Amino acid sequence: MSGAIRVEALGAGGRTYVAAADIMGRFVLDGLLAGTYTLWAWVDINIDRARDTGSLDPFQPAEPYGRYGEKITLETGQVVEALEIQCR
């Protein structure tokens with residue numbers, strides 16, 4: 001599977017932060033405010049910076065995606081390391 005890996009943190013009120021992962025899958029989401037976030041990742045196969053859900057006619061497969069199993073609650077200045085998100 002090839003393409004850029006994008007990671008998205010969705011916070012309260014629709015606030016969204018997006019980062020690109022490096023070739024090893026590492027990413028940094030800078031500037032997140034204290035709060036609770038849902039983390040998603042997807043393989044941006046066509047490099048358009050949007051997750052494509054696919055279509056039936058003409059057939060286009062959906063880009064693989066995954067969600068971190070639980071919401072993350074951050075305190076001010078907190079650093080979280082070693083999260084794994086599987087894209088399928």
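## Exposed or buried?

A residue is buried under 20% relative accessible area, exposed over 50% and partly exposed in between (1.4 Å probe, protein chains only). At 55% relative accessibility, Arg 26 therefore counts as exposed. Asp 22, with a relative accessible area of 31%, is partly exposed. Arg 6 and Asp 44 are both buried.

This is a predicted model, where local features need pLDDT of at least 70 and side-chain atom pairs pLDDT 80 or more, while totals for chains, interfaces and linings use all residues. Residues are numbered from 1 along each chain, and side-chain values use heavy atoms, without hydrogens or water.

## Two salt bridges

The count of salt bridges (Lys or Arg side-chain nitrogen within 4 Å of an Asp or Glu carboxyl oxygen) comes to two. One joins the side chains of Arg 6 and Asp 44, at 3.4 Å from N to O. Arg 6 sits in strand E1 and Asp 44 in strand E3 (strands are DSSP E runs of at least two residues), so this pair ties together parts 38 residues apart in sequence.

Now look at Arg 26 and Asp 22: their side chains also meet in a salt bridge, at 2.9 Å from N to O.

## Around the pockets

A pocket is an open set of points on a 1 Å grid where a 1.4 Å probe fits, with protein on both sides within 12 Å along at least five of seven lines; lining residues have an atom within 4 Å of a point. The largest pocket is lined by 22 residues, and Phe 27, Val 28, Leu 29, Val 80 and Glu 81 are the closest to its centre. Strands E3 (35–44) and E7 (72–74) each supply at least two residues of that lining.

Residues lining the second largest pocket include Ile 5, Val 7, Phe 27, Ala 41 and Val 43. Strands E1 (4–10) and E3 each give two or more residues to this lining.

Note on methods: Helix = DSSP H or I, 4+ residues; strand = E, 2+ residues; numbered from the N terminus.
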